[in-house]
Amino acid sequence: MRIGILGTGAMATTLGGAWVRAGHDVLVGGRDRTAAAATAARIGAVGHGTPADGAAYGDLVLIAVPADAAPGLAKEFGGTLAGRTVIDCTNPVVPTDDGLMLTTGGTTSIARRMAEAAPGAHVVKAFNLCHESIWTLPRPMFEGAPLAVPFCGDDPGSLDLLAGLVTSMGCTPMPCGGLSRAAYLEATAVFAIGVWWSGAETRFAFPTPAEAPRTP
Ligand SMILES: NC(=O)c1ccc[n+]([C@@H]2O[C@H](COP(=O)([O-])OP(=O)(O)OC[C@H]3O[C@@H](n4cnc5c(N)ncnc54)[C@H](OP(=O)(O)O)[C@@H]3O)[C@@H](O)[C@H]2O)c1
(Lines give C-alpha, C1' and ligand atoms only; values in the text may rest on other atoms or scores of the structure.)
Protein backbone atom coordinates (compact mmCIF):
# COMPACT_ATOMS: atom_id res chain seq x y z
CA MET A 1 0.00 0.00 0.00
CA ARG A 2 0.98 3.65 -0.39
CA ILE A 3 0.70 5.53 2.90
CA GLY A 4 1.09 9.27 3.47
CA ILE A 5 1.85 10.54 6.97
CA LEU A 6 1.16 14.00 8.39
CA GLY A 7 3.57 14.52 11.27
CA THR A 8 7.20 13.70 11.92
CA GLY A 9 7.13 12.78 15.62
CA ALA A 10 7.01 9.58 17.65
CA MET A 11 3.93 7.97 16.08
CA ALA A 12 4.93 9.00 12.56
CA THR A 13 8.32 7.40 13.13
CA THR A 14 7.26 4.17 14.82
CA LEU A 15 4.09 3.41 12.83
CA GLY A 16 5.75 4.56 9.63
CA GLY A 17 8.72 2.35 10.40
CA ALA A 18 6.45 -0.64 11.05
CA TRP A 19 4.72 -0.06 7.71
CA VAL A 20 8.01 0.20 5.83
CA ARG A 21 9.14 -3.07 7.42
CA ALA A 22 5.83 -4.61 6.33
CA GLY A 23 6.62 -3.68 2.73
CA HIS A 24 4.51 -0.55 2.27
CA ASP A 25 5.56 2.68 0.54
CA VAL A 26 5.49 5.54 3.06
CA LEU A 27 5.84 9.28 2.44
CA VAL A 28 6.43 11.55 5.46
CA GLY A 29 4.82 14.99 5.30
CA GLY A 30 5.84 17.58 7.89
CA ARG A 31 5.54 21.31 8.33
CA ASP A 32 9.27 21.26 9.15
CA ARG A 33 10.93 19.97 5.97
CA THR A 34 14.17 19.12 7.78
CA ALA A 35 12.31 17.01 10.32
CA ALA A 36 10.32 15.32 7.55
CA ALA A 37 13.53 14.45 5.72
CA ALA A 38 15.14 13.11 8.91
CA THR A 39 12.11 10.97 9.80
CA ALA A 40 11.85 9.64 6.25
CA ALA A 41 15.54 8.72 6.23
CA ARG A 42 15.28 7.10 9.66
CA ILE A 43 12.46 4.75 8.66
CA GLY A 44 13.41 4.15 5.03
CA ALA A 45 10.41 5.97 3.56
CA VAL A 46 10.17 6.43 -0.19
CA GLY A 47 10.05 10.19 0.26
CA HIS A 48 9.19 13.25 2.29
CA GLY A 49 7.51 16.59 1.78
CA THR A 50 4.97 19.00 3.18
CA PRO A 51 1.75 18.03 4.95
CA ALA A 52 0.03 18.69 1.61
CA ASP A 53 2.34 16.14 -0.02
CA GLY A 54 1.52 13.61 2.69
CA ALA A 55 -2.21 14.19 2.26
CA ALA A 56 -1.95 13.67 -1.49
CA TYR A 57 0.06 10.45 -1.30
CA GLY A 58 -1.36 7.01 -1.28
CA ASP A 59 -4.38 4.97 -0.40
CA LEU A 60 -4.08 5.70 3.31
CA VAL A 61 -3.14 8.88 5.16
CA LEU A 62 -2.11 8.83 8.83
CA ILE A 63 -2.72 11.99 10.84
CA ALA A 64 -0.07 11.83 13.60
CA VAL A 65 -0.30 15.27 15.20
CA PRO A 66 -1.68 16.56 18.53
CA ALA A 67 -5.41 15.89 18.73
CA ASP A 68 -6.36 19.56 18.86
CA ALA A 69 -4.59 20.15 15.53
CA ALA A 70 -6.08 17.17 13.67
CA PRO A 71 -9.54 18.51 12.69
CA GLY A 72 -7.91 21.70 11.38
CA LEU A 73 -5.57 19.69 9.18
CA ALA A 74 -8.49 17.57 7.96
CA LYS A 75 -10.31 20.77 6.99
CA GLU A 76 -7.23 22.30 5.35
CA PHE A 77 -6.65 19.22 3.19
CA GLY A 78 -10.27 18.09 2.92
CA GLY A 79 -10.36 18.33 -0.87
CA THR A 80 -7.21 16.22 -1.23
CA LEU A 81 -8.35 13.70 1.36
CA ALA A 82 -11.72 13.13 -0.32
CA GLY A 83 -12.07 9.47 -1.20
CA ARG A 84 -8.99 8.46 0.78
CA THR A 85 -8.80 6.48 3.99
CA VAL A 86 -7.64 8.76 6.80
CA ILE A 87 -6.26 7.10 9.92
CA ASP A 88 -6.74 9.05 13.14
CA CYS A 89 -4.39 7.82 15.89
CA THR A 90 -4.82 10.86 18.14
CA ASN A 91 -5.73 10.91 21.81
CA PRO A 92 -7.42 14.11 23.06
CA VAL A 93 -6.04 14.12 26.59
CA VAL A 94 -5.31 16.73 29.19
CA PRO A 95 -3.88 16.27 32.71
CA THR A 96 -6.12 17.54 35.50
CA ASP A 97 -6.17 17.37 39.30
CA ASP A 98 -8.40 14.32 38.84
CA GLY A 99 -5.98 12.59 36.48
CA LEU A 100 -5.88 12.41 32.69
CA MET A 101 -9.16 13.54 31.07
CA LEU A 102 -10.65 13.72 27.58
CA THR A 103 -10.67 17.20 26.05
CA THR A 104 -13.77 16.23 24.05
CA GLY A 105 -15.90 15.46 27.09
CA GLY A 106 -16.53 12.02 25.61
CA THR A 107 -19.73 12.92 23.77
CA THR A 108 -17.91 13.22 20.47
CA SER A 109 -14.47 12.24 19.22
CA ILE A 110 -11.58 13.79 17.34
CA ALA A 111 -12.24 11.22 14.61
CA ARG A 112 -15.83 12.51 14.29
CA ARG A 113 -14.59 16.11 14.19
CA MET A 114 -12.13 15.17 11.45
CA ALA A 115 -14.90 13.48 9.47
CA GLU A 116 -17.06 16.60 9.82
CA ALA A 117 -14.13 18.80 8.75
CA ALA A 118 -13.37 16.65 5.70
CA PRO A 119 -16.75 15.23 4.64
CA GLY A 120 -15.39 13.31 1.62
CA ALA A 121 -12.65 11.53 3.58
CA HIS A 122 -13.11 8.07 5.08
CA VAL A 123 -11.89 8.50 8.65
CA VAL A 124 -10.91 5.44 10.65
CA LYS A 125 -9.89 5.58 14.32
CA ALA A 126 -6.99 3.20 14.90
CA PHE A 127 -3.59 2.70 16.55
CA ASN A 128 -4.43 5.02 19.48
CA LEU A 129 -4.31 2.46 22.31
CA CYS A 130 -0.65 1.40 22.32
CA HIS A 131 2.39 3.37 23.33
CA GLU A 132 4.56 4.35 20.36
CA SER A 133 7.28 1.87 21.37
CA ILE A 134 5.03 -1.11 20.67
CA TRP A 135 5.26 -0.40 16.93
CA THR A 136 9.04 -0.88 17.01
CA LEU A 137 8.53 -4.58 17.78
CA PRO A 138 8.96 -6.70 14.61
CA ARG A 139 5.78 -8.73 15.24
CA PRO A 140 4.07 -7.59 18.47
CA MET A 141 3.08 -10.68 20.49
CA PHE A 142 1.76 -10.71 24.04
CA GLU A 143 0.98 -13.76 26.16
CA GLY A 144 1.37 -15.95 23.08
CA ALA A 145 -1.04 -14.03 20.87
CA PRO A 146 -0.47 -11.38 18.21
CA LEU A 147 -1.37 -7.86 19.28
CA ALA A 148 -4.98 -6.98 18.39
CA VAL A 149 -5.53 -3.57 16.84
CA PRO A 150 -9.06 -2.18 17.36
CA PHE A 151 -10.37 0.23 14.77
CA CYS A 152 -13.69 1.78 13.84
CA GLY A 153 -15.05 3.62 10.83
CA ASP A 154 -18.02 3.86 8.50
CA ASP A 155 -16.64 3.04 5.04
CA PRO A 156 -16.48 -0.72 4.34
CA GLY A 157 -13.63 -0.35 1.85
CA SER A 158 -11.57 1.60 4.35
CA LEU A 159 -12.18 -0.99 7.05
CA ASP A 160 -10.94 -3.66 4.62
CA LEU A 161 -7.81 -1.59 3.96
CA LEU A 162 -7.20 -1.23 7.70
CA ALA A 163 -7.64 -4.94 8.24
CA GLY A 164 -5.09 -5.65 5.50
CA LEU A 165 -2.67 -3.11 6.92
CA VAL A 166 -2.93 -4.53 10.44
CA THR A 167 -2.49 -8.09 9.17
CA SER A 168 0.61 -7.07 7.20
CA MET A 169 2.15 -5.89 10.50
CA GLY A 170 1.70 -9.35 12.04
CA CYS A 171 -1.18 -8.10 14.19
CA THR A 172 -4.83 -9.12 14.43
CA PRO A 173 -7.48 -6.76 13.05
CA MET A 174 -10.21 -5.97 15.60
CA PRO A 175 -13.01 -4.06 13.82
CA CYS A 176 -15.22 -2.58 16.49
CA GLY A 177 -18.00 -0.75 14.72
CA GLY A 178 -18.77 2.55 13.09
CA LEU A 179 -17.17 5.93 13.61
CA SER A 180 -19.72 6.73 16.30
CA ARG A 181 -17.72 4.33 18.47
CA ALA A 182 -14.45 6.27 18.06
CA ALA A 183 -15.28 8.16 21.25
CA TYR A 184 -15.08 4.83 23.08
CA LEU A 185 -11.60 4.10 21.70
CA GLU A 186 -10.46 7.55 22.78
CA ALA A 187 -11.99 7.10 26.24
CA THR A 188 -10.44 3.64 26.50
CA ALA A 189 -6.99 5.12 25.86
CA VAL A 190 -7.46 7.73 28.59
CA PHE A 191 -8.73 5.09 31.01
CA ALA A 192 -5.90 2.66 30.24
CA ILE A 193 -3.15 5.28 30.48
CA GLY A 194 -4.50 6.34 33.88
CA VAL A 195 -4.48 2.76 35.09
CA TRP A 196 -0.94 2.16 33.81
CA TRP A 197 0.28 5.38 35.44
CA SER A 198 -1.15 4.12 38.74
CA GLY A 199 1.01 1.01 38.38
CA ALA A 200 -1.87 -1.41 37.71
CA GLU A 201 -2.70 -3.61 34.69
CA THR A 202 -5.88 -3.03 32.68
CA ARG A 203 -5.99 -6.57 31.34
CA PHE A 204 -6.53 -8.05 34.80
CA ALA A 205 -9.86 -6.17 34.97
CA PHE A 206 -11.22 -7.82 31.81
CA PRO A 207 -11.51 -11.63 32.08
CA THR A 208 -12.86 -13.22 28.92
CA PRO A 209 -16.45 -14.51 28.93
CA ALA A 210 -14.97 -17.98 28.39
CA GLU A 211 -13.26 -17.74 31.80
CA ALA A 212 -16.44 -16.70 33.61
CA PRO A 213 -18.05 -19.51 35.67
CA ARG A 214 -21.58 -20.46 34.69
CA THR A 215 -24.15 -19.06 37.06
CA PRO A 216 -26.49 -21.73 38.46
N1 LIG B 1 3.30 8.80 21.51
C2 LIG B 1 2.46 7.81 21.80
O3 LIG B 1 2.83 6.81 22.46
C4 LIG B 1 1.03 7.86 21.29
C5 LIG B 1 0.25 6.72 21.40
C6 LIG B 1 -1.06 6.74 20.90
C7 LIG B 1 -1.54 7.89 20.31
N8 LIG B 1 -0.76 9.00 20.23
C9 LIG B 1 -1.30 10.20 19.59
O10 LIG B 1 -0.65 10.36 18.34
C11 LIG B 1 -0.55 11.75 18.03
C12 LIG B 1 0.91 12.08 17.72
O13 LIG B 1 1.66 11.78 18.88
P14 LIG B 1 3.25 11.81 18.84
O15 LIG B 1 3.69 11.16 20.12
O16 LIG B 1 3.75 11.31 17.55
O17 LIG B 1 3.53 13.39 18.95
P18 LIG B 1 4.89 14.17 18.69
O19 LIG B 1 6.05 13.26 18.78
O20 LIG B 1 4.84 15.35 19.59
O21 LIG B 1 4.77 14.66 17.17
C22 LIG B 1 3.73 15.53 16.80
C23 LIG B 1 3.92 15.93 15.34
O24 LIG B 1 2.82 16.76 14.98
C25 LIG B 1 3.31 17.90 14.28
N26 LIG B 1 2.36 18.98 14.40
C27 LIG B 1 1.90 19.59 15.52
N28 LIG B 1 1.00 20.52 15.21
C29 LIG B 1 0.89 20.53 13.86
C30 LIG B 1 0.13 21.26 12.93
N31 LIG B 1 -0.75 22.20 13.35
N32 LIG B 1 0.27 21.00 11.61
C33 LIG B 1 1.13 20.04 11.18
N34 LIG B 1 1.87 19.28 12.01
C35 LIG B 1 1.74 19.53 13.34
C36 LIG B 1 4.64 18.17 14.95
O37 LIG B 1 5.39 19.01 14.11
P38 LIG B 1 6.49 20.02 14.73
O39 LIG B 1 7.65 19.16 15.11
O40 LIG B 1 6.75 20.95 13.59
O41 LIG B 1 5.85 20.69 15.93
C42 LIG B 1 5.18 16.75 15.07
O43 LIG B 1 5.74 16.34 13.84
C44 LIG B 1 -1.08 12.52 19.24
O45 LIG B 1 -2.41 12.92 18.98
C46 LIG B 1 -1.07 11.48 20.35
O47 LIG B 1 -2.11 11.70 21.31
C48 LIG B 1 0.53 9.01 20.70
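Which backbone atom lies 2.7 Å from an oxygen atom of the ligand? In this predicted model, the atom in question is a backbone N or O atom of Met-11. A polar backbone atom of Asn-91 lies 3.1 Å from an oxygen atom of the ligand. Taken alone, the ligand exposes 910 Å², of which the protein buries 70%. The ligand is surrounded by 19 residues, and the closest are Thr-8, Met-11, Arg-31, Val-65 and Glu-132.

The largest nonpolar core comprises 31 residues, among which Trp-19, Ile-87, Phe-127, Trp-135 and Met-169 touch the most other members. Elements that each supply at least two residues of this core include strand 1 (2–6), strand 2 (25–29), helix 2 (33–43) and helix 7 (156–168). Helix 1 gives the most, with 5 residues. Not counting residues up to four places away in sequence, Met-169 touches Leu-15, Ala-18, Trp-19, Ala-22, Phe-127, Trp-135, Pro-138, Arg-139 and Pro-140. Another core, of 23 residues, lies apart from the largest one; Val-61, Ala-70, Ala-118 and Ala-182 are among its members.

Thr-85 belongs to strand 5 (residues 85–88). Thr-85 has a relative accessible area of 3% and is therefore buried, since the cut-off for burial is under 20%. The side chain of Thr-85 makes a polar contact of 2.7 Å with the side chain of Ser-158. With neighbours within four places in sequence left aside, the residues in contact with Thr-85 are Asp-59, Leu-60, Val-61, His-122, Val-124, Ser-158, Leu-161 and Leu-162.

Note on methods
Residues numbered from 1 in each chain as written. Predicted model: local features only at pLDDT ≥ 70, side-chain atom pairs only at ≥ 80, totals over all residues. Heavy atoms only, no water. Core = buried A, V, L, I, M, F, W, Y, C linked by side-chain atoms within 4.5 Å. Buried < 20%, exposed > 50% of the residue type's maximum accessible area, 1.4 Å probe, protein only. Helix = DSSP H or I, 4+ residues; strand = E, 2+ residues; numbered from the N terminus. Contact = heavy atoms within 4.5 Å. Polar contact = N/O pair within 3.5 Å; in protein donor to acceptor, adjacent residues only side chain to side chain. Near = heavy atom within 4 Å. Areas by Shrake-Rupley, 256 points an atom, 1.4 Å probe, with all protein chains shown as cover.
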